[in-house]
Amino acid sequence: MADLTLTTFDWVPEMPRGFVRDLRVRWALEEAAMPYRVAGVPFGDRDAAHLAHQPFGQVPWLTDGDLSIFESGAILLHLGELSEALMPSDPRGRSEATKWVFAALNSVEMASLPWAMLKFMGNADDTPAWKFVDGFLKIRLRHLEPVLAGREWLAGSFSVADILMADVLRPVDRFDGLADHPACRAYLARATARPAFVKAHADQMAHFAAADAVRKA
């Protein structure tokens with residue numbers, strides 16, 4: 001394994017702090033006890049060098065030697081190949097973890113993200129659009145609830161699937177959207193109580209706080 005560098009924004013506004021997706025990668029790296037460094041790119045000036053690594057001008061991306069990987073799911077699957085702390089070693093367990101990675105990103109986040117964005121922007125009101133988004137999320141959570149009621153972690157042992165699923169649920173819980181889904185809420189509490197998450201979250205918040213000091217200087 002070559003040197004790992006995680007690239008995120010050098011600064012973001014207050015509202016998204018704690019939810020920028022480099023957190024998912026930090027969390028995985030901390031779970032696996034992999035050494036890494038963090039690099040920053042400007043939040044307001046997404047130039048050609050940025051786009052060469054992340055064609056949509058987003059973060060994070062991870063460089064591993066001469067590999068440059070973008071999209072948090074792809075990064076976590078790559079790290080899962082490097083550490084059994086992140087991915088089961090047996091074929092059945094790996095298959096289980098992989099399918100839940102895609103379920104978190106494709107089935108749950110596609111419902112949770114627009115719901116959370118409307119909440120963030122204060123547009124969660126009595127409109128047809130909100131009713132559709134809210135109903136869509138509730139359907140997804142209703143299906144997820146019995147799954148999480150029957151297991152501690154998605155693939156038996158804790159894996160990258162749990163990092164992604166927990167992080168997908170975090171913005172919903174921020175606005176109390178898991179109130180009617182106790183198994184989802186308990187699962188999220190278990191995941192975010194892990195020391196690796198606590199450290200990753202604190203490190204992200206410290207990263208952006210340090211940038212505040214530089215901007216004010």
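This is a predicted model: local features need pLDDT of at least 70, side-chain atom pairs count only at pLDDT 80 or more; totals for chains, interfaces and linings use all residues.

Residues are numbered from 1 along each chain as its sequence is written, and side-chain values use heavy atoms, with hydrogens and water left out.

Start at helix 8, residues 195–216. (Helices are DSSP runs of H or I with at least four residues, strands are E runs of at least two, and both are numbered from the N terminus.) Its 22 residues reach 32 Å from the first C-alpha to the last, close to the 32 Å expected at 1.5 Å a residue; that expected span is 1.5 Å times one less than the number of residues.

Which residues of helix 8 are buried? They are Ala196, Phe197, Ala200, Gln204, Phe208, Ala211 and Asp212. They cover an arc of only 165° around the axis, so they sit on the same side of helix 8; the arc is taken from the directions from the helix axis to the C-beta atoms. Buried here means under 20% relative accessible area, exposed means over 50%, and partly exposed is in between, using a 1.4 Å probe and protein chains only.

On the face turned away, you'll find the exposed residues Pro195 and Lys216. Arg215 is in helix 8 too, and it counts as exposed because its relative accessibility is 53%. Arg215 and Trp11 are 204 residues apart in sequence, yet 9.1 Å apart in space, C-alpha to C-alpha.

Now over to helix 3 (residues 72–82), whose buried residues include Ile75, Leu76 and Leu79. The buried residues of helix 3 pack against strand 1, helix 1, strand 3 (61–64), strand 4 (67–70), helix 4 and helix 6.

Finally, the backbone. Most residues other than glycine have a negative phi, and most peptide bonds are trans. Glu71, in the loop between strand 4 and helix 3, has a positive phi of about 80°. Ala33, in the loop between helix 1 and strand 2 (37–41), has a positive phi of about 55°. The peptide bond from Val59 to Pro60 is cis, with omega near 5°.

How values were computed:
Contact means heavy atoms within 4.5 Å.
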